[in-house]
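Dear colleague,

I am passing on the structure we spoke about, and my notes on the ligand and its surroundings follow below it. Please read them with the model open beside you.

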Amino acid sequence: MHSVGSDRDQNGSKPRPEADRPLLAVLRGERRDPPPIWLMRQAGRYLPEYRALRAEKGGFLALCYDPVAAAEITLQPIRRFGFDGAILFSDILVIPQALGQDLWFETGEGPRLAPPLLDGDLSGLIADATILTPIYETVRRVVQALPAETTMLGFAGSPWTVATYMVAGQGSKDHSAARSLAYRDPVAFQRLIDAIIAATADYLCHQIDAGVEAVQLFDSWAGSLAPAEFRRWVVAPNRRLVEELRSRRPGTPIIGFPKGIGEKLPIYARETAVDAIGIDETMDPVWADEMLPSTLPVQGNLDPLALLAGGDGLSGAVGAIRAAFAKRPHIFNLGHGILQQTPVSHVAQLLAMIRA
Ligand code: CP3
């Protein structure tokens, strides 16, 4: 079937050239030395070129839905530092928007979602998944421009973390609105979680079809739940997403990032069956290495504040993490997103340290 454009798949995007992609190799279970490296929030406010584009385009959300700008921002840290992974520039809160909530960002405060779903009832909202289509165009643009050795990462928020924002209508310290609803009306809360799972699975499948090679599930607030609720609202929904993606798009590695879960790490790893696990900076890497299966790729876990501070503290922390994970597939990363005040020179030093 040699028609014009036969090198394109049904989405109109060109397949990427065959190349050794170290990050993808590690996600598939290989160990590489030095470890591949990327940083959560590597595209963003610590970069002057990001701040310039944001000022020009008039705000963060406008950037997320502008494929030309979002692709450029995704590529900025790749050009500057040559990270092994490029992460799609978007946000976890586009899923609530697709489910019908209004989303905006209050300057200096954070996200706002309206109406808040304090009763977990989605029935008053009009879902519209077509608002997400510009994001798939961003992916197609990035993969056309990406160096052959760089892995393209997609992502979504995990259902619990997304639900904490949807219920409260904003960020909150202890996530009490969502936790209370889950106790008070678990049936309604399950319906909300189910709707997020369905929308997220479709969203990630579209990202994969557009060219994403691995995905990360951000469960930033997984640490706020009691053990039984943790199993029900963190483990089970992530597992369902993993099962769904594996059956619909087999072979795409899935990184789980359950921030702040401490001693629940082995349960999460075993029961969600993610392909790789991200750990935050509060976790002892020696302990994590002992507790996790020796073949499971681990990502992390430098303290973002150590990167901000730089100097001897930084090199010491980097050495300790690499030593702890010296025998397993390891992806170097932060324990959470890079801080806005981080000097660009410290990021360059970190890469030089890892690749020396
Ligand atoms: O990692 C990347 O570079 C890819 C892009 C990305 C963003 N947000 C861009 C962003 C990713 C993967 C996220 C994930 C995200 N978003 C999470 C999970 C990870 C985490 O940090 O815990 C959460 C909870 C959100 C929700 C969100 N988005 C909040 C609470 C905020 C406001 C707080 C803040 O840092 O300003 C955002 C805004 C946001 N998302 C920015 C960026 C670059 C800042 C936008 C700006 O002011 O320019």
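A pocket, as the word is used here, is an open set of grid points with protein on both sides within 12 Å along at least five of seven lines, computed over the protein atoms alone. In this predicted model, the space that the ligand takes up is the largest pocket.

Around the ligand there are 22 residues, of which Arg41, Tyr50, Arg54, Asp91 and Ser220 come nearest. Sorted by class, this shell holds 14 nonpolar, four polar and four charged residues.

On confidence, the chain averages a pLDDT of 95, and 96% of the residues score at least 70. Over residues 1–10, however, pLDDT stays under 50, and the model has eight contacts beyond four places in sequence for this stretch. Where pLDDT is low, predicted coordinates should not be read in detail.

With best wishes

Technical notes:
Residues numbered from 1 in each chain as written. Predicted model: local features only at pLDDT ≥ 70, side-chain atom pairs only at ≥ 80, totals over all residues. Heavy atoms only, no water. Near = heavy atom within 4 Å. 1 Å grid on protein atoms, 1.4 Å probe; cavity = no way out; pocket = protein on both sides within 12 Å on 5 of 7 lines; lining within 4 Å. Sits in = over half its atoms within 2 Å of the grid points. Nonpolar A, V, L, I, M, F, W, Y, C, P; charged D, E, K, R; others polar. pLDDT = per-residue confidence, 0-100. Contact = heavy atoms within 4.5 Å.
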